[in-house]
Amino acid sequence: MLTVIKNGMEYPINHIQSARRDSEISSAHELNLIVVNEANNPGYPFLQDEALILIDGHEYRIKKLTNRTHYKNISALHAVTDLIGVPFNQKLTGSYTPLQVFNQLLAGTDWTVNFDSSGVVANVELKEFGRNNVWKLFQEFCNKIQVEFELLPNKVFNIRKKLSSDYGQQYRYGYNLKSLSKESTSTNIVTHVIVNYGDDLTETATFISPTAGNYSRSIYGDIINDERIKTIEDAEKRAKEKFKDIDISYELDIAQLGESHELGETIHTIYEPMDDLSIVTRILKVREEWDGEEFVVTSATVGNYVFKTAEEILQDQIKDTESSVNDNIDKTKEIIQREYRWELSETVTDLERNITTEYTAMISMTAREIRTEMTQHITNINTGMDSMETRLSSSISQTAAQIRAEVSSEVTTISNNISNVRQDVARLDITASSIQSTVTSHSSQIGGLNTQMSSAQSSITQQAALISQKVSITDYTGASIVSKINQDPYSVTIDAQKINFNGAVFVNGNITGNGSITGATTIDVSSNISIGHQIIFSDMTTITTGGGGLAIEAWNGIDMIGGTNFSGVVDFQNAYVTNLNGFVASSTQGLSITQSTNNPKVMVFRRYGADIGYLTLS
């Protein structure tokens, strides 16, 4: 439980949106948290500058406070840093035991020490040690006698030659280790040290680090000039303090750090993705995050602890200060380097709408490429069983041969244990010979044992002699549909399952192919129509040609309406003629044809009413 102390009283802190605590060997803890202003939060009004927050017997003093309408964003340091404001205006000279020095430094404060002297020097020679704040002198003395310390509840320093030990704890990728990152720094390597010592610095010796053979050159540190060094043994001891190797540290993203862990504990790590990395190292720093009820360990930084001199501690403080104000670097200073990189980030929390938005902007520049990138990450902090996450990004990459622009969006929604993910990407690539634009969309739905995925893509490629367009879609069954249009100086090719023409279509040229034309409207042709061998009507009646002949076939007869002229031979063989009552006129004046009333197979020809001949049909 977290409480805030006001006038000696403790008030509970409720409605903690998020909290993070970092603990490190021989250093002060850091605490960061966001507290929401809601009902039943007695401690909220007392979260003010310099107020003390109490967690499991540890006190944290608020050092940075951002006060919003509905919440407070708080950064605090362990109250051990209060010792910065406590002066030690004395000088210690002579021989002291470590415990004597610790007791004198902490006299008059609320702090005590739990000191294990095993492996620690019994006595230490001091010369005018003091006249500074207690916290700085305490750290400096620990480095001098090479001991480590951690902060225990109720203001107790736990001091040992080496914190914790090896309990055989193992971390392995895929089991209790999620990922591992390695960081190495080689800016401070020192393999050779020259020491000038003795009266008037008349003696000179050069000392070489045991690891010097690992490097292709000799790397000298600052020359030591000290008349107080009288023997070569003391000179060697002083030189060893200056040797520096590559600083290597690893950060473990862990699934579980074990039911118990200790700062300084030796652990065994196996990480197959990094060339089967196997290391035995120590926990130097632990990060804990608030899970709603308590702080749980989420990551650990491991490595080998290196003691620093007072001068090095001061240099680290100077570097930290320089880093915090690096935006004020003189822009006119000429710097030659491989890459320039600028990056800005901002996080905005809207507690009224339960949304957190993270923004980043990055510009990187090398001799070969200029790249800009913008990202926006939007998450719902808490909406019950439903949640939504949106990731937006855009980037522009420019080289001498190409310009590429890309905009992407990924939206993930979870509702009733069903996850929907939609990814959209639009990209433009420009080179001297082509321009290509592509738009892609992927959708997936995951719920229980049911998973559905679909995708679509369109692209346009433009070259000097070609324009190509393509649209494709793949549904959740895996079936794909593609349409294409390719245009060159000689032709335009359209490849699709269906081609729809809406409106008037004018064709100036030939239409050829092996397909069919289907339509529900009238087709008007003002000139000739060339057809193959058969016309098939919707009721299956046909007109067929072959060998110079014409066959008309109909199920219910053929009606000849109006005057019908026959030229050439008309073959009525196998035909049965009926209903020839009346007269059939011909082109001869006064000529008529009628059927005999006595014999239907006899045709009677008459002219001006008189019989002139007969035709018998077989």
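I take helices (DSSP runs of H or I, at least four residues) and strands (DSSP runs of E, at least two) as numbered from the N terminus. On that basis I place Gly-94 in strand β8.

**Ground rules**

I am working on a predicted model, where local features need pLDDT of at least 70, side-chain atom pairs count only at pLDDT 80 or more, and totals for chains, interfaces and linings use all residues. I number residues from 1 along each chain as its sequence is written, and side-chain values use heavy atoms, with hydrogens and water left out.

**Entry: overview**

I looked up the secondary structure first. The protein has four helices and 38 strands. I then checked burial, where buried means under 20% relative accessible area, exposed means over 50%, and partly exposed is in between (1.4 Å probe, protein chains only). Of the 618 residues, 26% are buried. For surface, I used Shrake-Rupley areas with a 1.4 Å probe; for residues, only the protein chains shown count as cover. The protein exposes about 41900 Å², and carbon and sulfur atoms supply 49% of it.

Next came contacts, meaning heavy atoms within 4.5 Å. I took those between residues at least 6 apart in sequence, and 48% of them join residues at least 24 apart.

**Entry: confidence**

I read pLDDT as the predictor's confidence in each residue, from 0 to 100. The average is 80, and 79% of the residues score at least 70. Where does pLDDT stay under 50? One stretch is residues 317-337, with two contacts beyond four places in sequence. Another is residues 580-585, with 12 such contacts.

**Entry: Gly-94**

I went back to Gly-94 in β8. Its relative accessibility is 22%, so I log Gly-94 as partly exposed. Leaving out residues up to four places away in sequence, Gly-94 touches Val-124, Glu-125 and Leu-126. I also took a C-alpha separation: Gly-94 and Glu-128 are 34 residues apart along the chain, and 8.6 Å separates them.

**Entry: helix α1**

Which residues of α1 are buried? In this helix (residues 98-106), I find Pro-98, Val-101, Phe-102, Leu-105 and Leu-106 buried. Seen down the axis, these buried residues fall within an arc of 120°, so they line one face of α1. The arc is that of the directions from the helix axis to the C-beta atoms. The general rule I keep in mind: an α-helix has 3.6 residues a turn, so residues three or four places apart point the same way.

What do the buried residues of α1 pack against? I list β8 (87-96), β9 (112-115), β10 (124-133), α2 (134-144) and β12 (156-160). Gly-108 follows α1, and its phi is positive, near 85°.

I count two strands as paired if DSSP finds at least two bridges between them. β23 (residues 355-365) and β24 (residues 370-380) pair antiparallel over 11 bridges. They form a hairpin with four residues between them. Glu-358 has His-377 in β24 as its bridge partner.

β24 also pairs with β25, again antiparallel, over 10 bridges. Here Thr-375 has Ser-393 in β25 as its bridge partner.

I then picked out Thr-390, which lies in β25 (residues 387-398). Buried or exposed is Thr-390? Its relative accessible area is 10%, so I log Thr-390 as buried. Beyond four places in sequence, Thr-390 touches Gln-376, His-377, Ile-378, Glu-410 and Val-411.

**Entry: sheet β33-β34-β35**

I found an open sheet of three strands in the order β33-β34-β35, with antiparallel pairing. β33 (534-536) and β35 (549-553) are the edge strands, each pairing on one side only. Neighbouring strands are turned by 15° against each other on average, direction ignored. For such angles, axes are lines fitted to C-alpha atoms, for helices over the stretch in contact, and angles run from 0 to 180 degrees between N-to-C directions. Three bridges join β33 to β34 (residues 542-546). Gln-534 stands opposite Thr-544 in β34.

**Entry: sheet β36-β37-β38**

I logged an open sheet of three strands, order β36-β37-β38, also antiparallel. β36 and β37 (residues 602-607) pair over five bridges. Thr-594 stands opposite Val-604 in β37.
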